Amino acid sequence: MPRDLILGTAGHIDHGKTSLIKALTGIDCDRLPEEKSRGITIDLGFAHLELGPYRLGIVDVPGHERFIKNMLSGATGFDVVLLVVAADDSVMPQTREHLDILQLLGIRHGVVAVTKADLVDPLTLDVVMLEVRELLQATPLKEAPIIPTSTLKGTGLPELKEALLDQCRQVDEPPEEDWFRLAIDRSFSVAGYGTVVTGTVASGRLRVGEEAAWLPGGTLLRVRGLQNHEQPVEEIHRGMRAAINLAGVKHEDVLRGQELATPGYLLPSRVMTVRLHALSSLSRPIKHRAPVRVHIGTAEILGTLSLLDAERLEPGQWCLAQMFLEEPGMAVWGQPFVIRDPSAAMTLGGGMVLQPAAEKLRRRHVETLALIEPLANANPEERALLVAKLRGYRGITKAELVRAARLTPAQADRLLSHLVELGKLMPVHSSTQEMGAIHAEQLASLKEKIVATLQRWHEQWPLLSAHDRGKLVTALAFVGDDGLIQAQLDRMIMERVIVGDQRRVALASHKPKLSQNQRKLKVKLVEAHRAAGFQPPQVESFTAQAGGNAKDLKDLFEVCVAENELVPISPDYFLHAEHETALKEQLRAKLADGKGMSVAEIKELLGTTRKYAVPICEYLDRIGFTRRDGDLRYLVQPAVKIGSV
Ligand SMILES: Nc1nc2c(ncn2[C@@H]2O[C@H](COP(=O)(O)OP(=O)(O)OP(=O)(O)O)[C@@H](O)[C@H]2O)c(=O)[nH]1
Ligand SMILES: [Mg+2]
């Protein structure tokens, strides 16, 4: 199987990029009439070349300083670069600027062609080659072969091909299976076909008939047909130039900068956290709040910088920053970007994305910055843990790991289960998000907060044996996810750290502290209610008996409720639990015929007075035991639950 790679050109205007590609491939990349008439390249041009086991998709860029933005949208996909310097002109401004951009985009493999060798004498050629070598010092291309060529005389081409082949061999193999991603660089309409978009496949593969998400909107579009260098193909994959015939969209609506991708992974965002590097050639530092043009993928988006740990970024230095974009942009962890000055139109710097879909961060917030900075050099496992940590109580999902830690979906699955096994991540099934995981330390801190809250409540109400579970969830609302708190409470009940059920919870270690007198009073309360049947005493009536403990009366009743001895019917009345059970049994039997009973009849049945019968009936309605219709009460048939426990 031949391997597909992208070869791109770079270099100053008129230095012979397009001529050299034509000499190598026979293809003229200048296709626009304006390019022909002016003799310069304006937009990206495309060609292809078979080189040993490699199929090179070639992207020819313009050298003119006004078209740097076009150069940037092409350079984003280069595997190998062919940097062109004319022998009669040597190193010029866009030689430097293109080289800066290549460096910022992380392009490490390339060859330099010193073109138009026929125009200079051997001594001049040597000087130019030395100047080029010096220029490459301190760049990733410092060891790139430098080869003199002449398209006029046809010299240097075999050597150039050999050197390119050697560079191709050094390009890293892409991961086996990855999600599909392509940044769109052109969109047009073809008679008989409709909308066609082109771009370089950045990862994964796409087949005819499949659907891809069109971002930033997210609409799913069906792939009608695919081409690679004008040839129809069934599938496109990483490293290929592709033309994609899309169904259901007008070509005017599709713009350079938008992307096609497997749905679910990219999350368009107006805020990205980045490691930002300022070019050392700048004459001024980059200031906090500087407006910039952000080039990412094939997109160019206006935005503002927020320097997180500095007031100004000196030339040649780096810092952590956030980019606030006017339009949502798409990125993954590690993706390179370039920033340019919106007015002077010069390249300022660039760097790598650390958080592709970020929230606004507080500047100089040491704790957060300490988690973000190591993201730049972290391995996949460290990235996954840092991302989880930064997500806090919201936890992470597989899709987030793919995007924010730049893993393949298969790697993300493997890493999730591995880290869960190690106990570094805890799986959570929350009501509000897809199944994911939360950093173990974060869960430990939630556990601590639950324990601390219950502890405080137990101290405040020492007589109460348990507290309302809903109230506890509300008290921890800052966590932002009730489902997570509920899941954690269930887990803690299983671990026996707390005791309780769906209604009430308490620390397992908590024992209500009743004094001897309180305990005696409690026995009296319960006994009085047992004796009173359906005519229970009023809460107030115990005030005198309680004496010094009167102020605890309400809490003592709560203890009786919590211990299932009394059941609250109304604020003033409690029934002994045995009577409450008997009450339901009697009514269930009587109401079974479906006829319904009035309050008067229920009063007769229970042998009580209206004073008690009314609150008892209201209580039964409230707990869903009976249903009121006019003057009558009917039994509520419990709904049959299938398959539930
Ligand atoms: N003598 C000589 N002329 C050359 C050679 N290569 C290119 N040229 C000429 O240089 C001019 C510019 O060549 P292009 O290939 O269009 O340059 P380019 O780098 O693509 O220019 P832009 O795309 O506009 O940046 C043309 O007139 C070419 O004929 C060469 O090896 N020898
Ligand atoms: Mg050209």
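Modeller: Let's start with a term: a polar contact is a pair of N or O atoms within 3.5 Å; within protein, one must be able to donate a hydrogen and the other to accept it, and residues adjacent in sequence count only if both atoms are side-chain atoms. This is a predicted model, where local features need pLDDT of at least 70, side-chain atom pairs count only at pLDDT 80 or more, and totals for chains, interfaces and linings use all residues. Residues are numbered from 1 along each chain as its sequence is written, chains are lettered from A and ligands numbered from 1 in the order written, and side-chain values use heavy atoms, with hydrogens and water left out.

Colleague: Okay, which side-chain atom lies 2.6 Å from an oxygen atom of ligand 1?

Modeller: A polar one of T41. A polar side-chain atom of K116 sits 3.0 Å from a ligand 1 oxygen, and for G63 a polar backbone atom is 2.9 Å from one. The protein covers 79% of the 650 Å² of accessible area ligand 1 has on its own (Shrake-Rupley method, 1.4 Å probe).

Colleague: How many residues are around ligand 1?

Modeller: There are 17, with K17, T18, S19, T41 and T151 coming nearest; "near" asks for a heavy atom within 4 Å.

Colleague: And how do I read the helix pair α3 and α4?

Modeller: Helices are DSSP runs (H or I, at least four residues) and strands likewise (E, at least two), numbered from the N terminus. Axes are lines fitted to C-alpha atoms over the stretch in contact, with angles from 0 to 180 degrees between N-to-C directions. Here α3 (residues 68–75) and α4 (residues 93–104) have axes that come within 11 Å and cross at roughly 35 degrees. I68, M71 and L72 of α3 meet Q94, E97, H98, I101 and L102 of α4 (heavy atoms within 4.5 Å).
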